[in-house]
Amino acid sequence: MGTSRNYQTQGVILKQAKLGEFDKIITIYTPDFGKLRAVAKGACRAKSKLGGNMEPLTHSLMLLAKGRNLDIVTQAQTINSFLALKNDLWRMACGLYVLELIDAFTIESAENHLLFELLLDSLHQLSEPDISETALRYFELHLLHYLGYRPQLRRCVTCDSPLKPVVNFLSPSKGGLICPACNSEENIRHEQIEVIARKPSFPLSVEALKVLRLWQSCDYATSRRVKVKPGLSRELEQALCEYIRYIVQRELKSLTWLKQLGKETVSP
Ligand SMILES: [Zn+2]
């Protein structure tokens, strides 16, 4: 202990996989090392001291030893087990969606302190009694920001003119909103080259734009004070999920589950 081969870090467990009969490979998101994969030896044994601290949706403090390939978790202590998330199916689905997005968007060993703070903050928010699905939208929007994909919501990404309070068009491939004039030109061009398999942009209402702009520049507490009606909530969900799907280029497993649960808010 105490040699340079050992180091300590806090982190949120993103996922786990069995390794052999008794061990686990865990994927952790840490503030100082970004995403990290490590071996938790004996974590699958019934009496393992590591086991419970290595479950996904757990914030733990860990001592690791440098390994030849993967580092090895030698000790772990739970900082927050987020029981409110684990004891409620809908909240758990929300939490797992957050973890899956962090995993999908990050590579190993790339630190991002702000993203770690957002992850922890989001898990805390989702544990609150009166939380709604809009917390996930706030998370998605800020995740995009911290990873360099912040959508441009003020000016048209094609002609750079300020956007008017009308229905504008969100384009994931262009990185933000397109004004109606540029969007019709864009559509004509797409029809000419017969790229109609996936629409290049989709409409975004004035109300949805207002909410997204506010969320982009406020904290979680302020975002929660915005009352979003179910119709608008659906629109925001579709807009951000479509945007994210374009970037990660695949369907997210936890999102499918979350949609199946289909719950707008948790009853108090
Ligand atoms: Zn334009």
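This is a predicted model: local features need pLDDT of at least 70, side-chain atom pairs count only at pLDDT 80 or more; totals for chains, interfaces and linings use all residues.

Student: OK, which residues coordinate the zinc ion?

Tutor: Four cysteines do it through their SG atoms: C156, C159, C179 and C182, at 2.3 Å.

Student: And what's the arrangement of the 4 donor atoms?

Tutor: Tetrahedral, because the angles they subtend around the zinc ion run from 102 to 116 degrees.

Student: How are the donor residues spaced in sequence?

Tutor: The pattern is C-x2-C-x19-C-x2-C. C156 sits in the loop between α4 (134-146) and β6 (168-171), while C179 is in the loop between β7 (176-178) and α5 (180-192), so this pair ties together parts that are 23 residues apart in sequence.

Student: C156, buried or exposed?

Tutor: Buried, because its relative accessibility is 2% and the cut-off for buried is under 20%. C179 counts as buried too, at 12%.

Student: Switching topic: where is E140 found?

Tutor: In helix α4.

Student: Is that glutamate buried or exposed?

Tutor: E140 is buried, with a relative accessible area of 0%.

Student: Then what does the E140 side chain make a polar contact with?

Tutor: With the side chain of R137, at 2.8 Å.

Student: Which residues does E140 touch, leaving out those up to four places away in sequence?

Tutor: Y97, L101, L240, C241 and I244.

How values were computed. Residues are numbered from 1 along each chain as its sequence is written. Side-chain values use heavy atoms; hydrogens and water are left out. Donors are N, O and S atoms within 2.8 Å of the metal (3.2 Å for Na, K and Ca); water is not among the atoms, so sites may look incomplete. Four donors count as tetrahedral if all angles lie between 85 and 135 degrees; four count as square planar and six as octahedral if opposite donors are over 155 degrees apart and all others between 65 and 115; anything else is irregular. Helices (H or I, at least four residues) and strands (E, at least two) are DSSP runs, numbered from the N terminus. Buried means under 20% relative accessible area, exposed over 50%, partly exposed in between (1.4 Å probe, protein chains only). A polar contact is a pair of N or O atoms within 3.5 Å; within protein, one must be able to donate a hydrogen and the other to accept it, and residues adjacent in sequence count only if both atoms are side-chain atoms. Contact means heavy atoms within 4.5 Å.
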